[in-house]
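Visitor: I would like to learn how to read a few features of a structure, beginning with the surroundings of a single side chain.

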Amino acid sequence: MHESYRHAKSAQSAGLTAGDSTHQALLTIVDEAGSTNSVMTETDRREVLPHGYAIMARRQTAGRGQRGNSWESEAGQNVTLSVMLRPEGVEAREQFMVSEAVAIATAGVVAELTGVQAEVKWPNDIYVGQQKIAGILIECGLEGGRISRAIAGIGLNVNQSVWRSDAPNPVSMRQLTGEEYDTAATARLLVERVARLTAMLPAGADEIERSYAARLWRREGRHLWEDAASGEVFRAGIARVERTGRLILDNGREYWFKEVKQVIPELP
């Protein structure tokens with residue numbers, strides 16, 4: 001059985017609902033899925049998927065974002081996909097380096113295709129100025145104190161121009177440049193860059209960490225934050241992000257993901 005057909009049928013039985021698919025550069029494209037991360041997980045239980053294998057859905061009906069949020073995406077207008085990653089030798093306590101690599105790769109693709117600077121909002125959203133252009137959800141599997149696999153779900157706003165959810169300040173590549181993009185070609189480039197960069201781990205961790213720090217959104221100046229436990233809003237700057245993912249602010253406060261959030265101003 002041809003590989004593209006075999007993987008497409010496996011994915012459909014795990015929750016995909018529509019027909020045609022293509023498989024180029026380890027990318028399977030299907031018409032519809034619930035959550036591509038969930039589909040990837042179910043498929044990998046039946047057959048071990050290789051590093052860099054990706055599933056993209058033209059329409060995703062139950063896409064998940066960070067903090068339990070859903071991901072808004074108009075059918076056929078954006079890139080919504082999941083990539084199977086199998087970096088060798090990454091310790092569980094340093095799994096954030098996988099998130100760093102995926103975020104850097106995604107921001108790099110946005111910058112390359114639009115000519116506009118893209119930055120990483122801690123921990124791994126992608127922003128252009130004050131607007132969000134991509135979100136990332138990493139789900140890791142552990143074995144013997146190391147990562148056995150990581151599934152990276154990526155939602156990248158490509159051609160959508162009308163936004164109906166209350167997500168703060170979304171923007172697409174088309175809105176930035178006025179150009180329409182080929183979503184399949186964009187997805188293939190994204191998968192290639194993500195797979196290549198994460199394959200550098202853990203040997204390339206120092207380089208990836210430096211790149212992440214250089215691309216960090218609001219890395220300069222002092223901005224508003226909200227403490228999740230107390231609701232306190234305060235002003236602080238970013239001192240650094242540790243390899244574990246812990247955020248260190250210049251006022252001495254330290255936070256893990258979901259313990260603090262950056263206050264995003266609404267655009268007019």
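Visitor: Which backbone nitrogen lies 3.0 Å from a polar atom of the side chain of Gln 175?

Guide: Keep in mind that this is a predicted model. The backbone nitrogen of Ser 172 lies at that distance from a polar atom of the Gln 175 side chain, and the backbone oxygen of Ser 161 is 3.2 Å from a polar atom of that side chain. Gln 175 itself belongs to helix α4, residues 173-177, and, leaving aside neighbours within four places in sequence, Gln 175 is in contact with Gln 160, Ser 161, Trp 163 and Pro 170.

Visitor: Why does Gln 175 count as partly exposed?

Guide: Partly exposed is the class between buried, under 20% relative accessible area, and exposed, over 50%. Gln 175 has a relative accessibility of 37%, and therefore counts as partly exposed.

Visitor: Which residues touch the most other members of the largest nonpolar core?

Guide: A nonpolar core joins buried residues through side-chain atoms within 4.5 Å. In the largest one, which has 59 residues, they are Leu 81, Val 102, Ile 126 and Ile 133, while helix α3, residues 96-114, gives the most to this core, with 11 residues. Apart from it lies another core of 10 residues, including Val 30 and Ile 151.

Visitor: In what order do the three strands of the open sheet stand?

Guide: The order is β11-β12-β13, with antiparallel pairing. Because β11 (238-241) and β13 (254-255) each have a single partner strand, they stand at the edges, and one side of each is left without a neighbour in the sheet. Three bridges join β11 to β12, residues 247-249, and Ile 238 stands opposite Leu 249 in β12.

Conventions: Residues numbered from 1 in each chain as written. Predicted model: local features only at pLDDT ≥ 70, side-chain atom pairs only at ≥ 80, totals over all residues. Heavy atoms only, no water. Pairing = 2+ DSSP bridges. Helix = DSSP H or I, 4+ residues; strand = E, 2+ residues; numbered from the N terminus. Buried < 20%, exposed > 50% of the residue type's maximum accessible area, 1.4 Å probe, protein only. Contact = heavy atoms within 4.5 Å. Polar contact = N/O pair within 3.5 Å; in protein donor to acceptor, adjacent residues only side chain to side chain.
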